[in-house]
Amino acid sequence: MITGVVKSDEACIRLKVNGTRGEQEFEAVIDTGYTGALTLPPKWVTALGLKWQSVDRGTLADGSECLIDVYEAAVVWDGRPRRILVDETDTAPLIGMGLLNGYELRIQVRPNGRVTIIPLS
């Protein structure tokens, strides 16, 4: 089980990401409108030494499209290492539906509400 808290009307959890240059733990916002696994800003992609995989086309909330560099990383997810693809974006870290796949997400939508992510059986 993964837990977090609602801060400033956003559901947040702590996440550890591993790259070739080490590990970094940070807070990420859960974004159910994002279909990928994780976004990270360029400075963290560089600091972690993530391995470049490809370029992908992304559709933003306003409907516009852009090209996004995609990297490989390992995250600690539900206590276990998991290989994922990371989209490099100039935003705060976002956790998308790709990382939540196979899990139930519960959010108490109120200040300091509890966020719970539980594996589906």
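These legends go with close-up views of a predicted model. Residues are numbered from 1 along each chain as its sequence is written, and side-chain values use heavy atoms, with hydrogens and water left out. Because the model is predicted, local features need pLDDT of at least 70 and side-chain atom pairs count only at pLDDT 80 or more, while totals for chains, interfaces and linings use all residues.

**View 1. Strands β2 and β3 meet in a hairpin**. Strand β2 (residues 10-19) pairs with strand β3 (residues 22-30) in the antiparallel sense, over eight bridges. Here strands are DSSP runs (E, at least two residues) numbered from the N terminus, and two of them pair if DSSP finds at least two bridges between them. To find your place, look for N18, whose bridge partner in β3 is E23. Strand β3 also has two bridges to strand β8 (residues 94-95), and these two run parallel; there, V29 stands opposite L94.

**View 2. A salt bridge links E25 and R14**. The closest N and O atoms of this pair are 3.5 Å apart; a salt bridge is a side-chain nitrogen of Lys or Arg within 4 Å of a carboxyl oxygen of Asp or Glu. E25 lies in strand β3 and R14 in strand β2, so the contact ties together parts that are eleven residues apart in sequence. E25 is partly exposed at 41% relative accessibility, and R14 is partly exposed too, at 47%. For these labels, buried means under 20% relative accessible area, exposed over 50%, and partly exposed in between (1.4 Å probe, protein chains only). The structure holds five salt bridges.

**View 3. E72 and R83 form a salt bridge**. Their closest N and O atoms are 3.4 Å apart. E72 belongs to strand β6 and R83 to strand β7, so this pair ties together parts that are eleven residues apart in sequence. E72 is partly exposed, with a relative accessible area of 26%, whereas R83 counts as exposed at 59%.

**View 4. Strands β9 and β10 form a hairpin**. Strand β9 (residues 103-107) runs antiparallel to strand β10 (residues 114-119), and five bridges join them. Y103 has P119 as its bridge partner in β10. Six residues lie between the strands, and N112 in the turn has a positive phi of about 65°. While you are here, look for the salt bridge between R106 and E104, with closest N and O atoms 2.6 Å apart.

**View 5. The largest pocket has a volume of about 570 Å³**. Of its 23 lining residues, the closest to the centre are Y34, G58, T59, I68 and D87. The elements that give two or more residues to the lining are β5, β6 (65-77) and β7 (80-88), and the largest share, five residues, comes from β5. On a 1 Å grid over the protein atoms alone, a pocket is an open set of points where a 1.4 Å probe fits, with protein on both sides within 12 Å along at least five of seven lines; lining residues have an atom within 4 Å of a point. The volume is the space filled by probe spheres set on the points, which are joined across faces, edges and corners.

**View 6. D9 has a positive phi**. The value for D9, a residue other than glycine, is near 65°. D9 sits in the loop between β1 (2-7) and β2, and D9 counts as exposed at 77% relative accessibility.

Technical notes: Helix = DSSP H or I, 4+ residues; strand = E, 2+ residues; numbered from the N terminus.
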